[in-house]
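Have a look at the sequence and the structure first, then read on.

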Amino acid sequence: RTFFSMPDILPSSRKEYSERQLLNYSQEQVYNVVSNVKEYQQFVPFCNFSHVYSQHDLGNNKIVFDGELGVGFKMFEEKYTSKVTCQYPAFVEAVSSDASLFKELVTTWRFTPNLPAHKLNLPDARHHPSCFVDFGIRFEFASPLHAQASSVFFEQVSKMMLQAFVDRCKTVYR
C-alpha cells in the first residue's frame, strides 16, 4: 500500500502513424510482398536480419507464424520477435511478442481492390490491377532512451518503410 503517488509527468512515448495509398498493383501482389517476412532484410530500411519460425495454417486462407527481425542504425542494433497473422489476400498484422524492447509494436496492413463495393467479393477481385493499401503502425519502446530517440525520426522512418514495400513491388512485378 502506498501513502502517496507521484503524478505521471512524462508524456506518453506511444507513437502512431497511418497512411492510405492507391497502388498500381493487385491486392494479391501487394499481399505477397508484405507477407513474405523472410525477405524483409533485402529491402526494408534498417532491417539487417529476417527469419520466419513455426508457421501454422489455420485454414480459411489464414496463417500465423513467428517472425524475427533485426534492426540497426549506427550504434543501435536489436532483434525482436513478432506474432504475424496473414489472411490471404487482404490482411497482414504483426504484433511484437518481445517485451524487452517494446511495450507495444503493432503493424497492420489491409489490401482492398480498387473496385466498387459490390465487386469486392468476386473471385477475381484480388487480381484487379490496382488496390488500396492501408498501413498502420503503433509502438512504444520499453526504454525511455529508445523512446526519446524515436521521437525525432518516427514519422520519417514510417514513411520510408511504406515506400520500401512500394519499391519492392516495382522490383518484383515489373
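A pocket here is an open set of points on a 1 Å grid, where a 1.4 Å probe fits, with protein on both sides within 12 Å along at least five of seven lines; its lining residues have an atom within 4 Å of a point. Please keep in mind that this is a predicted model.

## The largest pocket

With that in hand, let us turn to the pocket itself. The largest pocket holds about 940 Å³ of space and has a lining of 40 residues. Nearest its centre lie F46, V71, Y80, F102 and V157.

Which elements give two or more residues to this lining? They are strand 3, strand 4, strand 5, strand 6, strand 7 and helix 2 (144–173). Helix 2 provides the largest share, with 11 residues. Sorted by class, the lining has 31 nonpolar residues, alongside 7 polar and 2 charged ones.

An open sheet is built from 7 strands, with antiparallel pairing and the order 1-7-6-5-4-3-2. Strand 1 (15–23) and strand 2 (47–59) are its edge strands, each pairing on one side only. On average, neighbouring strands of the sheet are turned by 15° against each other, direction ignored.

Within strand 7, F135 is the bridge partner of W109.

## Helix 1 across the strands

Helix 1 (residues 27–35) lies across strand 1, strand 3 (62–73), strand 4 (76–87), strand 5 (91–96), strand 6 and strand 7. Relative to strand 6, helix 1 runs at about 160°.

How values were computed: Residues numbered from 1 in each chain as written. Predicted model: local features only at pLDDT ≥ 70, side-chain atom pairs only at ≥ 80, totals over all residues. Heavy atoms only, no water. Pairing = 2+ DSSP bridges. Helix = DSSP H or I, 4+ residues; strand = E, 2+ residues; numbered from the N terminus. Axes fitted to C-alpha atoms, helices over the stretch in contact; angles between N-to-C directions. Contact = heavy atoms within 4.5 Å. Points joined across faces, edges and corners; volume = space filled by probe spheres on them. Nonpolar A, V, L, I, M, F, W, Y, C, P; charged D, E, K, R; others polar.
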